Amino acid sequence: RMLTAVFQDYYRYPLTLRENVTLCAGRMPSDGDIYSAMNALSMAHTLEHLPDGLDSELLLMKDRSVELSGGEWQKLSVLRCILSDSGFAVLDEPNSALDPVVEASIYEAYRRMLGRKTTLFISHRLGSVKVADEILVLKDGRILAQGSHDELMQSSSYYAALFETQKGFY
């Protein structure tokens with residue numbers, strides 16, 4: 001109950017949408033809290049197409065069940081983390097199944113919704129860590145540099161080169 005984790009390899013639970021996102025909640029979030037978090041993660045469109053809304057069965061287990069895309073399942077695991085009442089979150093490449101446009105749109109949502117939690121965000125995609133208060137740059141198993149994105153762009157040629165290289169791919 002103290003820790004919630006989101007991994008790049010997520011599990012798809014054969015439950016309703018509501019059961020999926022409240023699995024680790026501790027307390028039952030209101031429908032409004034769930035809708036708000038889904039909107040922040042660009043999932044309003046997903047919800048509109050579910051036959052029974054939050055009570056839609058997932059994973060094609062029954063006649064009215066729905067299958068979600070890999071990105072939608074990954075967002076559900078993030079929702080589970082956001083809606084939990086744990087104080088610590090570990091996000092290990094939580095955007096690996098998302099396209100770059102969607103990924104960019106939810107970074108600020110992470111910051112806003114996880115703001116009350118201590119969050120360890122692990123990523124190779126440096127665009128995703130720009131919103132972090134503190135970034136640790138690892139190289140060969142050691143901390144090479146530490147600071148905010150702006151500080152590291154000035155003080156770490158390694159970080160700046162990695163960031164500029166990745167930025168060029170987009």
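Is Ser 65 buried or exposed? In this predicted model, Ser 65 has a relative accessible area of 9%. That value is under the 20% limit, so Ser 65 counts as buried. The residue sits in the loop that links helix 3 (44–48) to helix 4. Beyond its neighbours within four places in sequence, Ser 65 contacts Glu 57, Leu 59 and Leu 60. Leu 136 lies 71 residues away from Ser 65 along the chain. The C-alpha atoms of this pair are 42 Å apart.

Helix 4 spans residues 70–83 and includes Glu 72. Glu 72 is buried, yet forms no salt bridge. For Glu 72, the nearest side chain of opposite charge belongs to Lys 75, at 7.0 Å. The Glu 72 side chain instead reaches a backbone atom: the nitrogen of Ser 69, at 2.8 Å. With residues up to four places away in sequence set aside, Glu 72 touches Met 43 and Thr 46.

The surface also carries a nonpolar patch of about 490 Å². Met 2, Leu 3, Phe 88, Leu 120 and Ile 122 make up this patch. Ile 122 belongs to strand 3, which covers residues 118–122. Its relative accessibility is 36%.

Definitions and conventions. Residues numbered from 1 in each chain as written. Predicted model: local features only at pLDDT ≥ 70, side-chain atom pairs only at ≥ 80, totals over all residues. Heavy atoms only, no water. Helix = DSSP H or I, 4+ residues; strand = E, 2+ residues; numbered from the N terminus. Buried < 20%, exposed > 50% of the residue type's maximum accessible area, 1.4 Å probe, protein only. Lys, Arg positive; Asp, Glu negative; His and termini not counted. Salt bridge = Lys/Arg side-chain N within 4 Å of Asp/Glu carboxyl O. Polar contact = N/O pair within 3.5 Å; in protein donor to acceptor, adjacent residues only side chain to side chain. Contact = heavy atoms within 4.5 Å. Patch = residues over 30% accessible without salt bridge, like charges linked within 9 Å, V, L, I, M, F, W, Y side chains within 5 Å. Areas by Shrake-Rupley, 256 points an atom, 1.4 Å probe, with all protein chains shown as cover.
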